[in-house]
Amino acid sequence: MDPKDAQTTLRRLLGRSTQRVDEVTAAPLAALAATLDRDDRPPLPGDAVPPLGHWLFFWPLAPTSGVERDGEAGRHADLLPPEWPQRQWTGGRLRFHHALHVGDEVLRQSRVLQAEPLPEGGARVTLLHEITNAQGLALAEEQEVVCRAAAARVGQPRQPAPAQADFARLLTPGAVLLFRYAALRFDSRAEHQAQVPPALLVTLALDLLQRARPAVQLLGLDFALLRAVPAGQPLRLGGRCDGPRHVALWAQDAAGLLALQLHAECGA
């Protein structure tokens, strides 16, 4: 695409917005706990939703006839530039203000916060999602998405994972785990049966923290998605306390390379 056309496309994106309403129900939260091999008590009306539980709601309800051949259902399609159909979620930031609860009616307002061209072509788009319930703003999430031409080749960084961890877990994400998680998010993308979905990778890292520090109160998360993790291969999750209110989390692939870096800010 001509640079001038790219700039015009990106200017049109700024300020574009959508909104969705949903109800927080118990069944998806219970199903997530089962998917993660947790023995949590089944959630009841009024129970707090665990961090990242909002990812189970606001499904992209595209009809089957409108889903592309690879299963892409157009998540946030109204906000992203159709000129660059290859999309890669590269990171995000979340700030938790108060908990959502089972039974809440919730509103997600999403808009394009920033859009900038990449030197190699395509664009980096930052989406802002604000989720509110009857008590006001519950959480704000910034999502970084890199959009490229369909045939673009994407390299992946080769950064070794930290050698020392205060707590760790080794697992092999197989077909059943990936299928169950994809079903929880109404995600039919074919690639997410061949590799661990980014949302699941972040969820597994946070699950490690919650297993190691059950009473932790999360104030915020910042994460970078660095490499794809193939399904059926060993995945090592690690965590390290960097002071009383900061925890570093990561996921590494079978070669020992970082697939995910995550920083969690915790309450006192």
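I will go through the cores, the helix pair and the residue in that order.

Please keep in mind that this is a predicted model, in which local features need pLDDT of at least 70 and side-chain atom pairs count only at pLDDT 80 or more, while totals for chains, interfaces and linings use all residues. Residues are numbered from 1 along each chain as its sequence is written, and side-chain values use heavy atoms, with hydrogens and water left out.

By a nonpolar core I mean a set of buried Ala, Val, Leu, Ile, Met, Phe, Trp, Tyr and Cys residues joined through side-chain atoms within 4.5 Å, where buried is under 20% relative accessible area with a 1.4 Å probe, protein chains only. The largest such core has 50 residues, of which Leu-201, Leu-221 and Phe-223 touch the most other members. Its largest share, 9 residues, comes from H5, helices here being DSSP runs of H or I with at least four residues and strands being E runs with at least two, numbered from the N terminus. A second, separate core of 13 residues includes Leu-13, Leu-79, Val-112 and Leu-127.

How is H5 packed against H3? The axes of H3 (residues 175-184) and H5 (residues 198-212) lie 10 Å apart at an angle of about 105°, with axes fitted to C-alpha atoms over the stretch in contact and angles running from 0 to 180 degrees between N-to-C directions. That makes H3 roughly perpendicular to H5, a term covering 65 to 115 degrees. Leu-177, Leu-178 and Tyr-181 of H3 meet Ala-199, Leu-200 and Thr-203 of H5, contact meaning heavy atoms within 4.5 Å.

Finally, Gln-252 lies in strand E9 (residues 246-252) and, at 13% relative accessibility, counts as buried.

Technical notes:
Angles under 35 degrees count as roughly parallel, over 145 as roughly antiparallel, 65 to 115 as roughly perpendicular and the rest as oblique.
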